[in-house]
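I opened this entry to record what I looked up in the structure shown below. The notes follow the order in which I consulted it.

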Amino acid sequence: MKYLCLVYSAETELESLTDAECMAVSESMAAAGQRIAAEALESVQTATSLRVRNGKISITDGPFAETKEQLAGFYLIEAPDLNDAIRVAAEIPAARVGTIEIRPVRELKP
Amino acid sequence: MTQVTNKGIAEIYRRESRGVLATLIRVLGDFDLAEDALADAFAAAVEQWPRDGLPKNPAAWLVTTGRFKAIDRIRRKARFDASLTEVVERLGGTSVAAVEWDGEDMKDDRLRLIFTCCHPALSSEAQLALTLREVCGLTTEAIASAFLATPSTIAQRIVRAKRKIRDAGIPYEVPERRDLPERLENVLGVIYLLFNEGYSTSAGEAATRPDLTSEAIYLGRLLADLLPEPEVLGLLALMLLHESRRPARTTEQGDLILLEEQNRTLWNRELIDEGSALVRRSLESGRVDAYTLQAAIAAVHSNAESAEETDWTEIVGLYGVLLQLTESPVVELNQAVALAMRDGPAAGLARVDAILNRGELGDYLPAHAARAELCRRLGRTEAARASFERALQLTQQEPQRRYFERRLQELQN
């Protein structure tokens, strides 16, 4: 199965983590054949939200939801089941300061 | 040929159905399909066993029959739904064509089922409902009445939980060794929650719900048989030792009787002996856990002739170890009460007040009840009254309410 691990954290908390550590974890996921994609995101202050209503685009500054913990990055992984996905997600450095939301990927039906 | 009666089949159902279901879930990979298969298999048994005699291994027969019936069901559906063809192939394929049989397999399946139902990715309400439904075999109606909910709420909770198990990929497995301690803790937590709700109901007319304590003990025994880790034995011991006092805990009218005032000859000796032996077995492991320590404390009470003859020094000491392990203010409160029994109510009250003054346990009923009782013993009537009134405000249980009202009445006289 594919799981998307969404990293949520207060942005100030993330400062305690180094890029080097995050990259090392991501590399070891890749080496184990479990990483499909992984990226960190720029600060939430850079976020733009878009909606299309009645064919008309509306753009607003900021994230979809104003919360204390922000979406800070993601890992798309391959794992046989949730227990394995949990094991992989527990290695994500940001899990120590924030929350990892693990979501199974839904295969779209043609 | 063994004569088979419907009563005999009912007995086999009672003994084997949960294990057969657990194995069918693994073989079929689906809860609902397995439940239908179980029903089909027993329907076939009722028809065939009285005619053909009892099979040598009824559980194996039921699994094999259930599996065939399930494949049949899917085949019939597959005619209308092409996506099921793959499922039929998987189930009918050579890989699972012959279900290998031995008792160990079935034991493992029962463990898998427990760990799946108590998976921490499910809400704790869902874990409880699913465990009672799948592992204990309780009906939705029985679960609903146990938790003062409507059957439709419980049914919905179970449906959602099964859907999450399927869609989120919660596996049907006993966790790996390195994950086991944490996951086992969760399973034990579910069982203990169930027991506590039965031992002292959170709300309603009755002080106890023996149906819930007996299901919790059933689960505890099952787990102790399948996975005899020290904390599993400790939890089972704790439940048995508490359960042993049930006949003495309430009057015929359902009013509560405190431990000190209970008629100890009513305590169930058999359960006490079994529980005490389990405590010793758990302690022999050299590991110490919170359940075993609580059971050890319960065992000291159980083996004392009266409150006065209880070894309070031992109990204070055991609470001390437990406190180091859990750092829980509730444990500290219990230790304070034991201290009051050993060193007198003033010593106990000082500790209780210290805990309450820290702002912890402000809404915790037993803290106020303990404070009230200690103040009463010290003749501090006004303080006792205030604390009994606070406890009365906090209770939602009818027998507790009557108890505190009685205490308040006594203070007036």
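**Helix pair in chain B**

I noted that H13(B) and H14(B) are oblique to each other, a class left for angles that are not under 35 degrees (roughly parallel), over 145 (roughly antiparallel) or 65 to 115 (roughly perpendicular). The axes of helix H13 (residues 269-284) and helix H14 (residues 290-302) of chain B come within 10 Å and cross at roughly 140°. Axes here are lines fitted to C-alpha atoms, for helices over the stretch in contact, with angles running from 0 to 180 degrees between N-to-C directions. I recorded the crossing of H13(B) and H14(B) as left-handed, meaning that the near helix is turned anticlockwise from the far one by less than a right angle.

I then listed the residues that meet. H13(B) brings Ile272(B), Gly275(B), Ser276(B), Val279(B), Ser282(B) and Leu283(B), and H14(B) brings Thr292(B), Ala295(B), Ala296(B), Ala299(B) and Ser302(B). This contact of H13(B) with H14(B) divides into 6 nonpolar, 5 polar and no charged residues. Nonpolar covers Ala, Val, Leu, Ile, Met, Phe, Trp, Tyr, Cys and Pro, charged covers Asp, Glu, Lys and Arg, and the others, Gly among them, are polar.

**Basis of the model**

I kept in mind that this is a predicted model, in which local features need pLDDT of at least 70 and side-chain atom pairs count only at pLDDT 80 or more, while totals for chains, interfaces and linings use all residues. Residues are numbered from 1 along each chain as its sequence is written, and chains are lettered from A and ligands numbered from 1 in the order in which they are written.

**Chain B overall**

I found 20 helices and 0 strands in chain B; these are DSSP runs (helices H or I, at least four residues; strands E, at least two), numbered from the N terminus. Buried residues (20 or more other C-beta atoms within 10 Å of their own, placed from the backbone) make up 40% of the 413 residues in chain B.

**Domains and neighbours**

Chain B is divided into domain 1 (6-101), domain 2 (103-173), domain 3 (201-256 + 263-298) and domain 4 (311-413), with bounds from an automatic or database domain assignment. I saw 13 residues of domain 1 in contact with 11 residues of domain 2 in chain B, contact being C-beta atoms, placed from the backbone, within 7 Å. On the domain 1 side, H1(B) supplies the largest share, 8 residues.

Lastly, I checked chain A: 8 residues of chain B are in contact with 5 residues of chain A. The chain B side divides into 5 nonpolar, 1 polar and 2 charged.

Technical notes: Two residues are in contact if their C-beta atoms, placed from the backbone, lie within 7 Å. A residue is buried if 20 or more other C-beta atoms lie within 10 Å of its own, exposed if 12 or fewer, and partly exposed in between; C-beta atoms are placed from the backbone.
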